[in-house]
Amino acid sequence: MLASAQSSLSIVMVASEAVPFAKTGGLADVTSALAKALGRLGHTVTLVIPKYRGTAATGGAGSRATVAMAERRFDLGFVEHSIGPGAAVVLVECDELYDRDGLYASEGRDHPDNAIRFAMLARAALEYSSRLDRRPDVFHAHDWQAGLVPAYARTHYARTLGTVPTMFTIHNIAYQGVFPESVLEQLDLDRSLFTVDGLEFWDQVSFLKAGINLGDLVTTVSEAYARELLTPEMGFGFDGVLRARRDRLRGILNGVDTEVWDPMRDPYLPETFSADDLEGKRRLKRHLLEHFGLPTDPAVLSRPVVGVISRLVYQKGFDLVADAMEELLDLDASYVVLGTGDAQYEEMWRAAAVTHPTTIGAHIGYSEFLAHLIEAGSDIFLMPSRYEPCGLNQMYSMRYGTVPVVRATGGLDDAVVQYDDASARGSGFKFREFTSEAMVAALRRAVNVYRDARRWRAIQVEGMTRDFSWTASADAYVREYRALIASQSDAAGD
Ligand code: ADP
């Protein structure tokens with residue numbers, strides 16, 4: 001059955017993470033929020049992810065299937081959870097593949113069978129789809145872990161499912177799912193796919209490349225990142241592959257899950273606030289400083305708190321902070337940091353907090369509660385990313401009246417409007433050059449403008465009143481799904 005212009009669509013998404021089940025980064029926020037937003041628009045969305053160790057699955061018995069891949073047989077369980085009207089997450093249970101420490105790695109080493117683990121995710125999603133009462137209108141695969149969905153859809157499942165168009169979304173080009181050629185056999189993939197136009201990448205197999213080349217449309221999470229991906233500096237070896245697919249590449253900015261991130265109704269916070277009444281935010285600032293063991297005397301309260309919440313990895317640009325620590329300490333500001341990641345950056349923040357206990361507070365770890373408290377209680381949010389496909393914290397910050405200071409790259413550039421003194425308009429401060437001087441200059445500007453309460457409030461209100469909800473982005477995805485479905489039926493001569 002073909003979807004007419006206004007019919008409701010049946011969409012099967014495939015990803016490795018979704019809140020509240022499994023999260024290491026923004027991908028989890030995005031898949032779940034997009035699924036819910038599409039459901040609210042009247043579509044039916046099934047989001048298929050693995051059930052990892054510790055993933056709470058209370059959805060009942062579910063159904064089971066056995067899938068053979070090469071010489072092996074895998075027993076799968078499918079446990080369905082509603083996450084909102086029209087939207088469900090299906091957890092794929094397969095303990096031999098997913099019940100272990102770490103989603104992708106353990107003790108810093110990738111799981112050696114990641115190719116099989118995530119090939120099976122694609123197979124499981126297609127297997128589950130083939131049992132649905134209604135055939136999906138479109139598959140939407142996210143990042144390399146779901147990169148084989150189009151490959152299996154057009155081979156192993158072509159007969160059961162027919163031709164279902166596939167969208168592939170790149171959330172971060174740096175993660176490419178590259179494995180030795182020998183995995184082809186274990187994954188039951190025909191050698192005819194092992195070409196430069198298929199999934200071959202420098203004599204190896206890349207799941208990312210499979211998604212890009214075999215998907216019918218490729219999207220990424222901001223327009224700026226879609227342009228940047230075509231350049232050798234930002235394409236991480238995939239700029240050529242993407243340039244060849246340029247007419248099939250689109251950028252759609254992520255939104256914010258306003259059920260989770262709303263300063264007026266945030267269950268993590270002891271106080272709430274809004275653009276009309278920022279009193280609660282002032283009290284939360286004191287609460288935040290106390291939580292991090294920083295002083296709360298009037299002199300400290302009168303200067304801005306700069307918040308950081310981040311994976312502490314190369315991408316996020318904290319080497320700029322390492323280079324400029326002295327200059328940052330000279331600014332009239334306090335710092336609170338939440339993050340985990342590479343030992344060198346963890347150590348940098350830990351040591352800075354020990355050496356400057358009245359100016360810097362650092363929590364090396366993962367905490368949803370602290371993430372909300374920092375967004376709410378800080379005045380400024382710092383994101384000096386080397387690159388940033390979309391980035392979420394700059395948007396959460398704006399919703400919470402916390403003014404972002406960001407490197408003008410990818411989604412940070414798209415989402416933040418540079419503050420302009422003359423017109424007193426803008427929602428944050430951006431710097432373009434990836435240098436510590438440029439970062440400090442932008443932060444210094446922000447700290448200076450902070451002293452002018454009226455101007456500062458105008459910046460806060462501009463950010464707080466902008467629409468970062470998923471509705472607009474979900475609409476854009478639906479337009480692309482419909483275009484894909486229409487072109488597929490044209491091609492089939494329907
Ligand atoms: P990325 O996906 O590259 O990590 P994003 O900005 O898109 O970056 O998303 C990061 C998400 O992860 C945000 O929701 C952020 O609040 C959250 N996050 C990152 N580190 C932590 C942490 N240590 N504790 C809690 N939340 C974190």
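Tutor: Domain 1 and domain 2 bury about 1,400 Å² between them, with carbon and sulfur atoms accounting for 58% of it; buried area is the accessible area (1.4 Å probe) that two parts lose on being put together, summed over both. This is a predicted model, in which local features need pLDDT of at least 70 and side-chain atom pairs count only at pLDDT 80 or more, while totals for chains, interfaces and linings use all residues. Residues are numbered from 1 along each chain as its sequence is written, and side-chain values use heavy atoms, leaving out hydrogens and water.

Domain 1 covers 10-255 + 471-493 and domain 2 covers 279-467, bounds that come from an automatic or database domain assignment. Their centres, taken over C-alpha atoms, are 33 Å apart. Where they touch, 14 residues of domain 2 are in contact with 21 residues of domain 1 (heavy atoms within 4.5 Å).

One salt bridge is counted between the domains, that is, a side-chain nitrogen of Lys or Arg within 4 Å of a carboxyl oxygen of Asp or Glu. The side chains of Lys23 and Glu368 form a salt bridge at 3.8 Å, N to O.

On the side of domain 1 that touches domain 2, helix H1 (26-40) and helix H8 (223-228) each supply at least two residues; helices are DSSP runs (H or I, at least four residues) numbered from the N terminus. H8 gives the largest share of that side, five residues. By class, that side of domain 1 has nine nonpolar, seven polar and five charged residues; Ala, Val, Leu, Ile, Met, Phe, Trp, Tyr, Cys and Pro count as nonpolar, Asp, Glu, Lys and Arg as charged, and the others, Gly among them, as polar.
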